[in-house]
Amino acid sequence: AGFAAGLQAVLTSFSHTLEKFIGEKKSFIFVLIGLVVTLLFIQHTASYFLALLFGFFWFFITFKILLVETYLNLHLRKGNRATVLSIHSMASSLAGIIFLPIIGLVIDFTSLPFVIGLLAYSLVLGGIILLWKHND
C-alpha cells in the first residue's frame, strides 16, 4: 500500500506538466484509456503486481479530478464556479452511494475479476458514447 501511495504521489506531481503537453481533449482520452488498461490488468494479474497497478489506477483517478477541477475553474464564470463544483462533488458522492452497494451485490453473485472487467468495458462504452456525442 505504501508503494502504491508513493507511486501515485510521484505520478501526480507530473500531472500538470503532462496535461499541458498532451492538451485538454487528449488528456481526458488519456485518462479513459489509462483507467481501462489498468482495470483490465488488475482483472488478469497476479497478486504481487496489484500494488503497482493500484498506484497507476489512483494516478488516473487523481489526474481526472485535477483535470475536471482545472477546466471547470477555467471555463466557468466566477459566480457559477462554486455551485458547479459543489454539484459535481455531490453527484460523485451520490453515484458512489448508489453504485457501490450494487457493485457489491454483483460481486457476490459473480466474482471480483468479472466486475472489474465489467467496469473497464463500461468505461470504454461510456467513453465512445461521450466522444460520439461530442463530435455531433
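Which residues does Leu-40 touch, not counting residues up to four places away in sequence? Leu-40 touches Ala-120 and Tyr-121, where contact means heavy atoms within 4.5 Å. This is a predicted model, in which local features need pLDDT of at least 70 and side-chain atom pairs count only at pLDDT 80 or more, while totals for chains, interfaces and linings use all residues. Residues are numbered from 1 along each chain as its sequence is written, and side-chain values use heavy atoms, with hydrogens and water left out.

**The chain as a whole**

- The chain has 6 helices and 0 strands, and helices (H or I, at least four residues) and strands (E, at least two) are DSSP runs, numbered from the N terminus.
- Buried, which means under 20% relative accessible area, with exposed over 50% and partly exposed in between (1.4 Å probe, protein chains only), is the class of 21% of the 136 residues of the chain.
- Among contacts between residues at least 6 apart in sequence, 71% join residues at least 24 apart.

- Thr-38 has its place in helix H3, residues 24-43, and Thr-38 counts as buried because its relative accessibility is 4%.
- Setting aside residues up to four places away in sequence, Thr-38 touches Leu-53, Phe-56, Phe-57 and Phe-60.
- Leu-40 is also placed in helix H3, but Leu-40 is partly exposed, with a relative accessible area of 24%.
- Although Leu-40 and Pro-113 are 73 residues apart in sequence, they are 8.8 Å apart in space, C-alpha to C-alpha.

**The largest pocket**

- The largest pocket holds about 1800 Å³ of space; on a 1 Å grid over the protein atoms alone, a pocket is an open set of points where a 1.4 Å probe fits, with protein on both sides within 12 Å along at least five of seven lines, and lining residues have an atom within 4 Å of a point.
- Its volume is the space filled by probe spheres set on the points, which are joined across faces, edges and corners.
- The lining has 42 residues, of which Leu-32, Leu-35, Ile-61, Lys-64 and Leu-123 lie nearest the centre of the pocket.
- Two or more lining residues come from each of H3, helix H4 (50-75), helix H5 (78-109) and helix H6 (112-135), and H6 gives the largest share, 12 residues.
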